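Colleague: I am new to this structure. Could you take me through how to read its features, one at a time?

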Amino acid sequence: RILATHGQGNMASKPEEKKRRPFKRFFYRGYEVHQLVDLSNTELVNLMHSRARRRFRRQGIDKKLLKKLIAAKKRAAPGTKPEIIKTHLRNMIVVPPMVGSMVGVYNGKGYILVEVKPDMVGHYLGEFALTYKPVRHGRPGVAGASMAQRFIP
């Protein structure tokens with residue numbers, strides 16, 4: 001009896017109790033994105049990894065690109081994506097005000113579209129725009145070569 005009542009319970013009330021979230025909340029070192037935006041630069045830098053802290057201490061952040069991205073987000077209508085801002089700055093570290101922006105990152109040949117998401121905070125823009133085309137391994141041999149020239153172990 002105890003197992004039967006414990007296992008079944010009131011099934012109708014469970015779906016009502018469980019609240020559905022529209023999206024997964026993202027935390028960076030214990031802070032949500034909207035909290036990260038409110039932090040001062042020194043507090044934000046102290047949360048970053050050591051390579052990023054060193055970069056911010058020596059070079060800072062490219063304010064020109066950041067201003068363009070923020071302005072594009074403000075100009076965008078609610079519910080739409082902002083315009084694409086192109087850049088060659090592959091070594092730019094993603095900071096919280098950039099979240100939600102559309103960036104065209106140069107890969108040496110063209111611009112790769114990168115939509116900045118909360119889980120990208122602390123990474124470099126270049127990590128999301130590959131500079132090479134990944135190898136697709138197919139059948140051995142060169143296309144058009146005779147069957148005798150192929151090596152198959």
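Modeller: Start with a definition. Ala, Val, Leu, Ile, Met, Phe, Trp, Tyr, Cys and Pro count as nonpolar, while Asp, Glu, Lys and Arg count as charged. The others, Gly among them, count as polar. Keep in mind that this is a predicted model.

Colleague: How do the residues lining the largest pocket divide into nonpolar, polar and charged?

Modeller: The lining has 12 nonpolar residues, 2 polar and 2 charged. The pocket holds about 340 Å³ of space.

Colleague: Which residues lie nearest the centre of the largest pocket?

Modeller: Asn41, Leu44, Ile61, Leu66 and Val95 do, out of 16 lining residues. Helix H3 (33-38), helix H4 (41-47) and helix H6 (63-75) each give two or more residues to that lining.

Colleague: Now the strands. How do E3 and E4 run, parallel or antiparallel?

Modeller: Look at the bridges between them. E3 and E4 run parallel, joined by 4 bridges.

Colleague: Why is E4 described as largely enclosed?

Modeller: Buried means under 20% relative accessible area. In E4, 4 of the 5 residues are buried, so the strand is largely enclosed by the rest of the structure.

Colleague: What does Ser101 touch, beyond residues up to four places away in sequence?

Modeller: Ser101 touches Leu69, Lys73, Pro82, Val114, Glu115 and Val116.

Colleague: Where does Glu127 lie?

Modeller: Glu127 is in the segment after strand E5 (111-115). Partly exposed covers the range between buried, under 20%, and exposed, over 50%. Glu127 counts as partly exposed because its relative accessibility is 44%.

Colleague: Which side chain does Glu127 join in a polar contact?

Modeller: That of His123, at 3.0 Å. Then compare sequence with space. Glu127 and Ile93 are 34 residues apart along the chain, and their C-alpha atoms are separated by 10.0 Å.

Terms used. Residues numbered from 1 in each chain as written. Predicted model: local features only at pLDDT ≥ 70, side-chain atom pairs only at ≥ 80, totals over all residues. Heavy atoms only, no water. 1 Å grid on protein atoms, 1.4 Å probe; cavity = no way out; pocket = protein on both sides within 12 Å on 5 of 7 lines; lining within 4 Å. Points joined across faces, edges and corners; volume = space filled by probe spheres on them. Buried < 20%, exposed > 50% of the residue type's maximum accessible area, 1.4 Å probe, protein only. Polar contact = N/O pair within 3.5 Å; in protein donor to acceptor, adjacent residues only side chain to side chain. Contact = heavy atoms within 4.5 Å. Pairing = 2+ DSSP bridges.
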